[in-house]
Amino acid sequence: MASPSRLLICDDCDTVYRMPELGRGEVARCARCGAVLGRYHRFGLDALTALVLAALILFIQGNVWPVVTLGLNGQQNSTTLWGMILIMWHDHSQVVSAITAVTLFFFPLFNMLALGWLLGFGRLGRRAPGFRPLMVLMHHLGRWTMSEVFVLGALVAMVKAKAYFEVYPDAGIYAYGVLTVFITLFAGIDLRRLWDLVPSRVA
Amino acid sequence: MTAPPRADQLGLIGCPVCSLVSRAPNVADAGCSRCGSPLQRRKPASLTRTWALLIAAFMVYIPANILPIMRTESLGDVDDNTILSGVLELWDKDSQGLAVIVFCASIVVPMLKFLALLVLLICVHRRTHWAQLQRAKLYRMIELIGHWSMLDVFVVALLTALVRFNLLSSVEPLPGVIFFGLTVVLTMFASRSFDPRLTWDDEESHG
């Protein structure tokens, strides 16, 4: 039997495989349950760093700029993402406010900053301080980013508002729209391979 | 063709966090040598936790649908919306495409999650081999689409922040949206606590 480090276990059904060598565009699937075991790594450390930086810039733009403006009888009203979170808090919906703050702001921001930090050191060939706890935390929080759902939600809100108000989409929502593309790209990347890509010095 | 071996049979255990493979006997309490996460053969008390979270989610799902999620006021005219009436309104306002999307995200996806987890749980309890592959796919699907149900929560939040024209027109959130947000969070926790490997356990004894 091969050494355990060359093995791969399917997360969904516990089937054991030898680590596959994948060519461009190839995807390894579990023979028992069909889960994706691994994909060809399109992006190296440099490309991943570039992607994270771009996503971070879009995220900052999406949060600083207003998302949508409504007009009614010459009066205008716009909001940013944080404006939305704060208003929900003051409108007796603290639970919704907290869910929104966490899934649209804190977790995505943490994930991008942590990944940027790990990649920055990774490109120098070493593990960043806090590599282990950050990798574990990123794994647990990964599923709770909902920025792409927010983009669709903003679209629905704009269509609903159109019946009564003038609707002007602002720069923030365009930044979010582009950010969605990056989130989709990241969804196809298994960040667990950073464990192998950035070897520990001690070992 | 013989079935490929499973980690359990080989005395191996995979780390759920960093995917490092360890030999099971060496790691009774130690945890993963690479990332320190606890190593367990299966998620602990998976069935009990999933049932508990699923039942809790269903209990908040009822008020989430019955209670209105937002109130629209314009010139003293008060209109309360539920999840379903929001979909119908979109349909009537000639946004049928969007109405279908919102219907899927707010009504089909939560229902599907309840039904799917119920089927997955009952099948594991009955140790049946029925439709194992389809059950595996079903699980992956609800994990993938689960968070899209948050759509209506964000719609209400954004409209509340935008429609603030004093007496002319305003929108305020109502308790239904809180229950709905909790439903989504609880069903996400429920599907995370279900262990899809249980679907394939017990296979060896029949092989």
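A residue counts as buried when 20 or more other C-beta atoms lie within 10 Å of its own C-beta atom. The model described here is predicted.

**Helix H4 of chain A**

By that cut-off, the buried residues of helix H4 of chain A, which spans residues 131-141, are Phe131(A), Leu134(A), Met135(A) and Met138(A). These residues lie on the same side of H4(A), because the arc they cover around the axis is only 100°. Their packing partners are two helices of chain A, namely helix H3 (94-123) and helix H7 (194-197).

**Domains of chain A**

Chain A is divided into two parts: domain 1 covers 1-40 and domain 2 covers 43-197. The centres of domain 1 of chain A and domain 2 of chain A, taken over C-alpha atoms, are separated by 31 Å.

**Contact between the chains**

Between the two chains, 51 residues of chain A are in contact with 57 residues of chain B. On the chain B side, helix H6 (residues 151-162) of chain B supplies the largest share, with 10 residues. The side of chain B that touches chain A consists, by class, of 36 nonpolar, 11 polar and 10 charged residues.

**Tyr168 of chain A**

Tyr168(A) is located in strand S7 of chain A, which runs over residues 166-169. Tyr168(A) counts as partly exposed because it has 13 C-beta neighbours inside 10 Å. Apart from neighbours within four places in sequence, Tyr168(A) is in contact with Thr69(A) and Gly71(A). Gln76(A) is 92 residues from Tyr168(A) along the chain, and 9.8 Å separate the C-alpha atoms of these two residues.

**Two residues with positive phi**

Asp14(A) is not a glycine, yet has a positive phi. Asp94(B), also not a glycine, has a positive phi too. The table lists the values.

| Residue | Phi | Other C-beta atoms within 10 Å | Class |
|---|---|---|---|
| Asp14(A) | about 75° | 27 other C-beta atoms | buried |
| Asp94(B) | about 65° | 11 other C-beta atoms | exposed |

Asp14(A) sits in the loop between strand S1 (7-9) and strand S2 (16-18) of chain A. With 27 other C-beta atoms within 10 Å, Asp14(A) is therefore buried. Asp94(B) belongs to the loop between helix H3 (83-92) and helix H4 (96-126) of chain B. Asp94(B) has 11 other C-beta atoms within 10 Å and is therefore exposed, since the exposed class takes residues with 12 or fewer.

Definitions and conventions: Residues numbered from 1 in each chain as written. Chains lettered and ligands numbered in written order. Predicted model: local features only at pLDDT ≥ 70, side-chain atom pairs only at ≥ 80, totals over all residues. Domains from an automatic or database assignment. Helix = DSSP H or I, 4+ residues; strand = E, 2+ residues; numbered from the N terminus. Arc of directions from axis to C-beta. Contact = placed C-beta atoms within 7 Å. Nonpolar A, V, L, I, M, F, W, Y, C, P; charged D, E, K, R; others polar.
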